[in-house]
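Here is a short briefing on one protein chain. Look at the sequence and the fold first, then read the points below.

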Amino acid sequence: MNNNKIGTGVITMKHKKNIFTGIIISFIAMISLAIGLGIQVNQVNASTVAEIKAKGEIVMGTSPDYPPYEFIATVDGKQKAIGMDISIGERFAKDLGVKLVIKQMDFDSLLVGLETGKIDFSISGLTPTNERKKSADFSKVYYQADQYFVVNKNDKKLYKNFHSLAEKKIGVQTGSLQLKLAKEQMPQAKLTQMTKITDLILALKSHKTDALLMESTVAIAYAAHDDNLAYIKSGLVQGSDMEGTAIAFPKNSPELVAAANKTIDQIHEKDSITKYLADAGDYLKPAAKKENSWLIVAKYWKYFANGLGYTILVTVVSAIFGVVLGILFALLRLVNSKFVNNIVKAIVEFIRGTPLMIQLMFVYFGLSKMLNVDISPLLAGFIAVSINSAAYVSEIIRGGINSVDAGQGEAARSLGLSKKEAMQSIILPQAIKNIWPALGNEFISLIKETSIVSIIGVSDLIFQLRAVQAATYQGIIPIVIAMLIYFIITYGLSKLLNFYERRMNHGNN
């Protein structure tokens, strides 16, 4: 009796060559995709003006959810990051004689972006605290603001300053100066940390928090656009290293800091900050009081359409490569080699045992640093989601192959079919039928899991949802719209998969 039966899921050495050929072809395809998406050699931490001018561009990192400093708005029919900080970045790039490239990322990833060379500098309401100076260089302060609390309007009379909020629930942005101030001067307060200001506003309005701590300029902007919100002075004491915001650069960038200081001096001489805030204010004018909230959000339908396009793109590409790599992983697990089995098993278990968010961050920041290449957010999303999906798909496929009775392979061999022919004509068709529901669930889950790519700046549905929240000051309605879009996609796909499942079952009856 042959011990390497197809039905038991064992593949002999004769088929290893084909498997490894498939792996090579898959990786060539992924490399081709990477080249097509613009993977480039990364000049990590360009620290001199000459290096920046040699590139012809300077990359600015920002978290555009902090109006009027930086936020997303529609300018000439196109989505664009605007605000006071963006205007300063444009002026700085102009003074250097280079093109400004804006990379959008979460606030708490900005310093990591500087460290890993993803960005050349950051302007995003960053305060040059002593702690931050340990990992980044800063320009002189270009803008100073007080610290205010934003509260629900009905609660304004209850609170006067931080003393009256001492034991309350306070919302702060992760990694912000406000978090540091609250920890030091409000030790009894219950702090709620969130990455996005829009999420904090929503938490306040739903009474998950009692107040939000933020810079006065931002607090005034939110209160001006929402009749249910109000602001009060915090009374918190800021240290000498906590006053004002500055431009952040990678460590050991004295030339760039000097160039930025020169730009800031010119901005102050001409009082350009006032103009920059006024320009941003033009896009933040309160909507007409009688205008329906749904109609306000409906004007931003292009944002959702654009986000849907990216969500589908990431899902389709990741599903294709996830299935290809998943099949290869599954076949390697079936190779009659303990060494190969253990290696592939370890890879699959490691991928399944770590969060997708961590994998995504590693690919975008860590892999770029290690390989000295600039991986775009979209490509990083493709790689991380594809590999994560492949690990789960491989186990589904391996289980499907092993579920086919060993007698099926023996019968095929007795009829003169080769092992390859038996696998293609007898085993795999039955395995696919067995695993179709599980594979369908994986595809549906993949659509929802792609939402994680928004944290590195991919303009998917979640990213656009937050952009609409920041632009319209509407918290709930954009969430409802995004929820409905996700439901329509997943429900439609579920029905399509069920249709093909019925056809397969009908064909076997």
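Proline 68 sits in the loop between strand S3 (65-66) and strand S4 (70-75). Helices (H or I, at least four residues) and strands (E, at least two) are DSSP runs, numbered from the N terminus. This is a predicted model: local features need pLDDT of at least 70, side-chain atom pairs count only at pLDDT 80 or more, and totals for chains, interfaces and linings use all residues. Residues are numbered from 1 along each chain as its sequence is written, and side-chain values use heavy atoms, with hydrogens and water left out.

**Backbone geometry**

- Most residues other than glycine have a negative phi, and most peptide bonds are trans.
- The bond between proline 67 and proline 68 is cis, with omega about 5°.
- Histidine 207 is not a glycine, yet its phi is positive, near 65°.
- Histidine 207 belongs to the loop between helix H7 (197-205) and strand S12 (211-215).
- Aspartate 271 also has a positive phi, about 55°, without being a glycine.
- The loop between helix H9 (254-269) and helix H10 (272-282) holds aspartate 271.

**Burial and exposure**

- Buried means under 20% relative accessible area, exposed over 50%, and partly exposed in between (1.4 Å probe, protein chains only).
- Isoleucine 88, in helix H3 (residues 84-96), has a relative accessible area of 0%, so it is buried.
- The C-alpha atoms of isoleucine 88 and tyrosine 69 are 10.0 Å apart, and the two are 19 residues apart along the chain.
- Histidine 207 is exposed because its relative accessible area is 53%.
- Aspartate 271, at 47%, is partly exposed.

**Charged surface**

- Lys153, Lys156, Lys157 and Lys160 form a positive surface patch.
- Patch residues have over 30% relative accessible area and no salt bridge; like charges are joined within 9 Å, and nonpolar side chains (Val, Leu, Ile, Met, Phe, Trp, Tyr) within 5 Å.
- A salt bridge is a side-chain nitrogen of Lys or Arg within 4 Å of a carboxyl oxygen of Asp or Glu.
- Lysine 160 lies in the loop between strand S9 (147-152) and strand S10 (169-173).
- The relative accessibility of lysine 160 is 62%, so it counts as exposed.

**Annotated spans**

- An unreviewed UniProt entry annotates "transmembrane region" at residues 20-39, 308-335, 347-367, 373-393 and 475-494.
- UniProt annotations may be inferred rather than shown by experiment.
- Residues 308-335 are 93% helix and 0% strand, with end C-alpha atoms 40 Å apart.
- Residues 347-367 are 86% helix and 0% strand, and their end C-alpha atoms are 17 Å apart.

Terms used:
Areas by Shrake-Rupley, 256 points an atom, 1.4 Å probe, with all protein chains shown as cover. Lys, Arg positive; Asp, Glu negative; His and termini not counted. Charge placed at Lys NZ, Arg CZ, Asp CG, Glu CD.
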